[in-house]
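Subject: A structure for you to look at

Hi,

Here is the structure I promised to pass on.

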Amino acid sequence: TDQVNNDYQILWLDNIFDIQKGVILEGTIKAQTFTSEHKDHNAGLVLDEGNSKSMAIQLGIGIPEQRETHIGRLNIKPDGKFEFVSEDVTGNNCATGRGIDEGEEHTFRLLARLGGFELYIDDLLMQTYVYKPVEGKIGLLARNTKVVFNDIKAWNMSL
């Protein structure tokens, strides 16, 4: 299913993953911003939390010194528009990655289990965070950006 509003576009994957067992989702991501008139250009992933709420990983796009990655709640308001509330940011003075380079292909790997996830970009830790899964619904996110996801693969964790 495809969901579009405000500056966001989300493509929900058809699979519903078993978050109790855990899932690994990986592939490549390449983002190109549309225009400089929008200040927020992001690409990333969305983890559904039910009741019109999701945990969004919004990767910053551009040169490393000027980008930030925000983790937070992406809520659907009563008027149907998305509202993002940042809870954590990775940027300057952080030891982890900060996002992705514009126009370059990067690999990503998401590990999600129970109420937590880890995201790796080019095999480097981007973020570890908690969320409140209802079921294992995962989406691909674009905000004011053309994003190409390729070679998407997913499988259950084996513990």
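A bit of housekeeping first. This is a predicted model, so bear in mind that local features need pLDDT of at least 70 and side-chain atom pairs count only at pLDDT 80 or more, while totals for chains, interfaces and linings use all residues. Residues are numbered from 1 along each chain as its sequence is written, and side-chain values use heavy atoms, with hydrogens and water left out.

Start with strand S4, residues 42-50. Strands here are DSSP runs of E with at least two residues, numbered from the N terminus. In S4, 9 of the 9 residues are buried, so the strand is largely enclosed by the rest of the structure. (Buried means under 20% relative accessible area, exposed over 50%, and partly exposed in between, with a 1.4 Å probe and protein chains only.)

Which strands does S4 join by bridges? One is S5 (residues 53-61), antiparallel to S4 and joined to it by 8 bridges. The other is S12 (residues 136-143), also antiparallel, with 6 bridges. Two strands pair if DSSP finds at least two bridges between them. To find your way around, look for Leu47, whose bridge partner in S5 is Met55, and for Ala43, which stands opposite Ala142 in S12. The hairpin of S4 and S5 has 2 residues between the strands, and Asn51 takes a positive phi near 50° there.

Now the salt bridges, meaning a side-chain nitrogen of Lys or Arg within 4 Å of a carboxyl oxygen of Asp or Glu. The count comes to 6. In one of them, Asp40 meets Arg143, with the closest N and O atoms 3.3 Å apart. Asp40 sits in the loop between strand S3 (23-33) and S4, and Arg143 in S12, so the pair ties together parts that are 103 residues apart in sequence. Asp40 is partly exposed at 28% relative accessibility, whereas Arg143 is buried at 13%.

Glu87 is partly exposed, at 38%.

Cheers

Technical notes. Helix = DSSP H or I, 4+ residues; strand = E, 2+ residues; numbered from the N terminus.
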